[in-house]
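Dear colleague,

Here is the structure I promised to pass on, and my notes follow below it. Please read them with the model open beside you.

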Amino acid sequence: MNKEEELLRKKSPVSIRNKKASFEYFFVETYTAGMVLTGTEIKSIRLGKASLVDSYCYINNGEIWVKGMHIAPYFFGSYNNHEARRDRKLLLNKREIRRLREAIKQVGFTIIPILVFIDDHGRAKMDIALAKGKKMFDKRQTLKEKEDRRSMDRARKNYD
């Protein structure tokens, strides 16, 4: 990810993160995918009413789908409202999908959503990652590093 893309994500009015993912997985590669949504779904995402907890991606018939993503029903949507947890199609190149399909055949690899954001054209995008699951000792190491960073920040504040 280059600096321009990183700035775009920071500037986005909506930033829905999967915070649990970085604790549970090592990210090997990341991709940015478009999302196929209905009208009430995009309106709910723009209001920030979505969650990536317990969601994952799978490949079916050469297409990549996200399963388990929750988008709350739009308050002003009438009979046109959407299902909260339906499978949603993601838009990637065939080459990228082929690369992901080959990678997840290896034991321990999966595809998980990391971030949902709105790009500068008003479209919802999703960052997904090819990820490898962490073992218990890796998780303990992550917690230890996080605690070390906190204590260093506290010490730095007391020193200033």
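Strand 9 (residues 124-133) is mostly covered, with 7 of its 10 residues buried, where buried means under 20% relative accessible area, exposed over 50% and partly exposed in between, for a 1.4 Å probe and protein chains only. Strands here are DSSP runs of E with at least two residues, and helices are runs of H or I with at least four residues, both numbered from the N terminus. This is a predicted model, in which local features need pLDDT of at least 70 and side-chain atom pairs count only at pLDDT 80 or more, while totals for chains, interfaces and linings use all residues. Residues are numbered from 1 along each chain as its sequence is written, and side-chain values use heavy atoms, with hydrogens and water left out.

Strand 9 runs antiparallel to strand 2 (residues 25-35), to which 9 bridges join it, and Glu29 stands opposite Leu130 of strand 9; two strands count as paired if DSSP finds at least two bridges between them. Strand 8 (residues 109-118) is likewise antiparallel to strand 9, through 9 bridges, and Phe109 has Lys132 in strand 9 as its bridge partner. In the hairpin of strand 8 and strand 9, which has 5 residues between the strands, Gly122 takes a positive phi near 85 degrees.

As for the protein overall, its secondary structure comes to 5 helices and 9 strands, and 36% of its 160 residues count as buried. Its C-alpha atoms fill a box of roughly 55 × 40 × 30 Å, taken along the principal axes.

Best regards
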